[in-house]
Amino acid sequence: MNTNREEHTAEDICACCRHKNTPRSEKEQKNLQSRINRIIGQLGGIQGMIADNRYCGDILIQIGAAQSALQSLGYAVLENHMQTCVVQGVQQGNTQILEEAVELMKKIK
């Protein structure tokens, strides 16, 4: 399988198709991994707060921050999906991909 984005068809990279592979640039991959690492750090902090019997309000504030970070990550992945898989799918006549995109938007609200 080629790694150049321009050489992939929607079938190759579309999350709804059988290959379920979306090639990302090194920069995109690094950004997503960095976001995930920050979220993992936040969750570890929350775990420590619970172990230390910290004040409930403080824990809830941190949970809200982690939820916000996770939602932001979801929007970044969705944006990439819309710009790659969905655009290429529509260009190739696959209008079902629009229904999938709507369902994915509902899942990350």
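Biologist: Is Cys85 buried or exposed, and how is that decided?

Modeller: A residue counts as buried under 20% relative accessible area, as exposed over 50%, and as partly exposed in between, with a 1.4 Å probe and protein chains only. Cys85 is buried because its relative accessibility is 0%, whereas Cys56 is exposed because its value is 56%. This is a predicted model, in which local features need pLDDT of at least 70 and side-chain atom pairs count only at pLDDT 80 or more, while totals for chains, interfaces and linings use all residues. Residues are numbered from 1 along each chain as its sequence is written, and side-chain values use heavy atoms, with hydrogens and water left out.

Biologist: How many disulfides does the count come to?

Modeller: A disulfide is a pair of cysteine sulfur atoms within 2.5 Å, and by this rule the count is zero.

Biologist: Which elements make up the chain, in order from the N terminus?

Modeller: Helices (H or I, at least four residues) and strands (E, at least two) are DSSP runs, numbered from the N terminus. Here the chain has four helices and zero strands, and the order reads α-α-α-α.
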